[in-house]
Amino acid sequence: KLGLGSKIAPRKPAPQEATQKVARRKVLRLDTPVQSALIGIRAPRKDDSNRPAIEVLAQILAGGKSSRLHRALVETGVSSNVAIEPPSYIGDSLLIVGTTLQQGHLVEEAERIFSHELAQLRDHPIKTEELEAARHHLEFARHMQWMTHESIAESIGQALSLFGSVSDQQKFFGRLMEVSPADLQRAAQRFLVSSNTTTLIGVPK
């Protein structure tokens, strides 16, 4: 019988991928009237000391309508949407940002904005108010995972599968809440760099 304090054997570590040294970019021709982009950023594994900071940076970068990329891309009319997929907790993974351009806008414009926002995160400390807002969004999302019997069962299953126990998952979440502006800037300087990105561009046929 499994409960909140239960533990299962953790997954065996996945093989480590070779370090990426240059940016990767590929253009695909798609049946779509507008251009789009998927940008993947190599992220640290879940046991890396920088991982909590990367998850908070993901929220600041593109986690909702108050995020930097939503304001810079969607509210300016460059893109119709922007979304982010946090990195997996299994092995090497990517932090993925996706955006669909508005008619008449080119993906290079979105790429320039994206690069600018990454540079801002590397070069300038996050203000306390923005960090607190990101923490609030992450805490609310976690709270919603424990609202129904179905979501509780799913959350326990994920915790056991990915972390080994619910308590270990809770410890990881606690580390997210303790991330400082200095932690965020240090992680951004190490991981949010162009040589660490893989970009897929979709253009109309």
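I began with the lining of the largest cavity: strand 2 (36-43), helix 2 (68-74), strand 4 (93-101) and helix 3 (107-123) each give it at least two residues. Helices (H or I, at least four residues) and strands (E, at least two) are DSSP runs, numbered from the N terminus.

**Ground rules.** I noted that this is a predicted model, with local features needing pLDDT of at least 70, side-chain atom pairs counted only at pLDDT 80 or more, and totals for chains, interfaces and linings using all residues. Residues are numbered from 1 along each chain as its sequence is written, and side-chain values use heavy atoms, leaving out hydrogens and water.

**Confidence.** I looked up pLDDT, the predictor's confidence in each residue, from 0 to 100. The protein chain averages 89, and 91% of the residues score at least 70. Over residues 1-8 pLDDT stays under 50. For that stretch the model has 17 contacts beyond four places in sequence; contact means heavy atoms within 4.5 Å.

**Cavity.** I searched the whole structure and found one cavity of 30 Å³ or more. I worked on a 1 Å grid over the protein atoms alone; a cavity is a set of points where a 1.4 Å probe fits but cannot get out. Lining residues have an atom within 4 Å of a point. Grid points are joined across faces, edges and corners, and a volume is the space filled by probe spheres set on the points. The largest cavity comes to about 60 Å³. Its lining consists of Ala37, Ile39, Leu69, Leu73, Val82, Val97, Gly98, Thr99, Ala110, Glu111 and Phe114. I sorted these into eight nonpolar, two polar and one charged. In this sorting Ala, Val, Leu, Ile, Met, Phe, Trp, Tyr, Cys and Pro are nonpolar, Asp, Glu, Lys and Arg are charged, and the others, Gly among them, are polar.

I placed Val82 in strand 3. Val82 counts as buried because its relative accessibility is 15%; buried means under 20% relative accessible area, exposed over 50%, partly exposed in between (1.4 Å probe, protein chains only). Beyond four places in sequence, Val82 touches Ala62, Leu69, His70, Leu73, Val74, Val97, Gly98 and Thr99. Leu131 is 49 residues from Val82 along the chain, and their C-alpha atoms are 20 Å apart.

Ile84 is in strand 3 too. I listed its contacts beyond four places in sequence: Ala58, Ala62, Gly63, Leu95, Ile96 and Val97. Its C-alpha atom is 18 Å from that of Leu184, 100 residues away along the chain.

**Pocket.** I turned to the largest pocket, about 600 Å³ in volume. A pocket is an open set with protein on both sides within 12 Å along at least five of seven lines. I counted 21 lining residues, with Glu55, Pro86, Tyr89, Leu138 and Gln145 nearest the centre. Helix 1 (51-62), strand 3 (79-85), helix 4 (128-144), helix 5 (149-162) and helix 6 (166-177) each give two or more residues to this lining. Twelve are nonpolar, six polar and three charged.

**Ser167.** I found Ser167 in helix 6. Ser167 is partly exposed because its relative accessibility is 28%. Its side chain makes a polar contact with the side chain of Ser165 at 3.0 Å. A polar contact is a pair of N or O atoms within 3.5 Å; within protein, one must be able to donate a hydrogen and the other to accept it, and residues adjacent in sequence count only if both atoms are side-chain atoms.

**Asn196.** I located Asn196 in the loop between helix 7 (181-191) and strand 5 (197-204). Its relative accessibility is 10%, so Asn196 counts as buried. Its side chain reaches the backbone oxygen of Phe191 at 3.0 Å.
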